[in-house]
Amino acid sequence: MTDMLVQSPFGEIALLLMLAAAVGFVGMLLRQPLIVSFIAAGLLVGPSGLDLVRSDAQIDFLSELGIAVLLFLVGIKLDVKLIRSLGAVSLLTGLGQVAFTSVFGYLIGLALGLGAVTSLYVAIALTFSSTIIIVKLLSDKREIDSLHGQIALGFLIVQDLVVVLAMIVLSAIGIGAAGDGHGGSVPVVLISGLAMVGAVVLFVRFVANPLTERLAHAPELLVIFAIAMAAMFAAFGDIVGLGKEVGGLLAGVALASTPYRETIAARLAPLRDFLLLFFFIALGSGLDLSLLGAHVWGAVIFSAFVLIGNPLIVLAIMGALGYRKHTGFLAGLTVAQISEFSLIFIAMGVSIGHVQEDALGLVTMVGLVTIAASTYMITYSHQIYALCEPYLGVFERQATPRDQSGNAQPRARPEVIIFGLGRFGTAIALRLQNRGVRVLGVDFNPAALRRWRDLGLAAEFGDATDPEFIAELPLPDAAWVLSTVPIHPTGVSHEDPRTTLMQLTRAGGFRGQIALTSHHPADTDDMVAAGADLVLEPFQDAADRAADLLCGGKREERTDIPTIDSEGEQAI
């Protein structure tokens, strides 16, 4: 049956898809990202496994189209406004991690005898972390909007910019390197590249917005147009010698400033994942495991370097910037893996002739190990932090973190202490202040502290799970402690920061009442059972209030209370 299927390209690809789905299901049970499953599927159908791959041309075509779409989606997220919004911590952490990994990765490569060029390629490949995996895992844990989640997203953007520069430089270096007449001379390629950039600028300036607005009336047509843009730019980039990767990237940049970029990105994401399956199948099926034995120890060393070294450098940089070890540790764990771009980057080096196939095999093994391990590291980040916390004090600056947002202010005697200075906490604080209630806010996000102080509210930099900090708060003077931290747990456990906060405040001499927020009825019951005096359910409470108003209730006058927007800022 198998032999009959592989006799035709259609049957072969159908069989590969079924095997990939089966391996992906096993990976899902093991809580592994699809990238690991797809590479494993490629190894399974390759020469070291079932040896089922025959339609190399078709698989390579789908693989190249997948890379073009992937780079298109990277480009479409590189909006100028987004780049300008990068904070200092994201920029410094991102660049610091890239520099650290590149330098020490290169030295490790030389020590392993890889050669200067191969060591450089491997070192650069190890600097890239997988945005897809990190966003997925943080979203599943509902930590994408947390401080460490936002910082991680910021330095992932920095890494994406480095990816862009690295591929452009690699394309420039590889101009004419193949010697097969593919592409033109250096001057022709440079002129063609400038022409493509100029075309993108003109398209963005005069065509992008009105065209996409018209196409948006038929969403399917907008998606087809986006795919056509990615393919055409990739094809033109390949023809002139810049490479399909740079061409696809420029196509994405051309649509990055349009109001429909998020729609396009969302609709193309499943297509990207489908097409990248064939890249990983081609990658895995092209590896002969019997030839990789010489690189096993190299893969172990590089994997340990990525899993341990990358988080430590992020932790050190964020500590130097005044962030607490808890935030730095959780943000650092997100970069403890390499990405699909690492494999694409090495594959480009192989195609140019700079590195050998065994380098691609080495990086692939590192990818399998680090992606698989970091998935569990991110999933169980809080438990890992609890184990490592006693040894992380060296990464936290003393005295300065709690004064992160400016000069220390005289500590008032608050009646209510609020942990979590987001929209909900800020709105409550403003209304309490309007009624003459003294409020103190606590958060470990420096930007949130600045916003509170700009609104005239007292705030301190601190962590709700830090026993030393909680003990220093003016708890005996407060009547209420309120936590508005947006947590969506599946149940109460000792790792829940809210239960930790209740235990620490009681241990610190607090005799008042404790209020917590919840978004699920079962969670509300658990919080009450754990000792909360009041559990606020923002959505349910707002719905109850809205129903009262609709049934004839009178809205409370609040014209002197500022309105808070989605970012926690005071609306104008």
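I note that the model is predicted.

I then placed Phe329 in its element, which is helix α15. Setting aside residues up to four places away in sequence, I listed what Phe329 touches: Leu315, Ser381, Ile384, Tyr385, Cys388 and Leu392. I also checked Gly319, which is ten residues from Phe329 in sequence and 9.4 Å from it in space, C-alpha to C-alpha.

Next I examined the whole of helix α15, residues 325-333. Nine of its nine residues are buried, so I recorded the helix as largely enclosed by the rest of the structure. Among these buried residues are Lys325, His326 and Thr327.

I searched for cavities of 30 Å³ or more and counted one. The largest cavity has a volume of about 40 Å³. Leu330 and Leu333 of helix α15 are part of its lining, together with Leu138, Lys141, Glu143, His148, Thr334, Ile378 and Ser381. Sorted by class, the lining of the largest cavity comprises four nonpolar, three polar and two charged residues.

Finally I turned to Glu537, in the loop between β6 (534-536) and α24 (538-550). Which side chain of opposite charge is nearest to Glu537? I found Arg498, 9.5 Å away. Glu537 is buried yet has no salt bridge. Leaving out neighbours within four places in sequence, I recorded contacts of Glu537 with Ser518, His520, Pro521 and Thr524.

Terms used
Residues are numbered from 1 along each chain as its sequence is written. This is a predicted model: local features need pLDDT of at least 70, side-chain atom pairs count only at pLDDT 80 or more; totals for chains, interfaces and linings use all residues. Side-chain values use heavy atoms; hydrogens and water are left out. Helices (H or I, at least four residues) and strands (E, at least two) are DSSP runs, numbered from the N terminus. Buried means under 20% relative accessible area, exposed over 50%, partly exposed in between (1.4 Å probe, protein chains only). Lys and Arg count as positive and Asp and Glu as negative; His and the chain ends are not counted. A salt bridge is a side-chain nitrogen of Lys or Arg within 4 Å of a carboxyl oxygen of Asp or Glu. Contact means heavy atoms within 4.5 Å. On a 1 Å grid over the protein atoms alone, a cavity is a set of points where a 1.4 Å probe fits but cannot get out, and a pocket is an open set with protein on both sides within 12 Å along at least five of seven lines; lining residues have an atom within 4 Å of a point. Grid points are joined across faces, edges and corners, and a volume is the space filled by probe spheres set on the points. Ala, Val, Leu, Ile, Met, Phe, Trp, Tyr, Cys and Pro count as nonpolar, Asp, Glu, Lys and Arg as charged, and the others, Gly among them, as polar.
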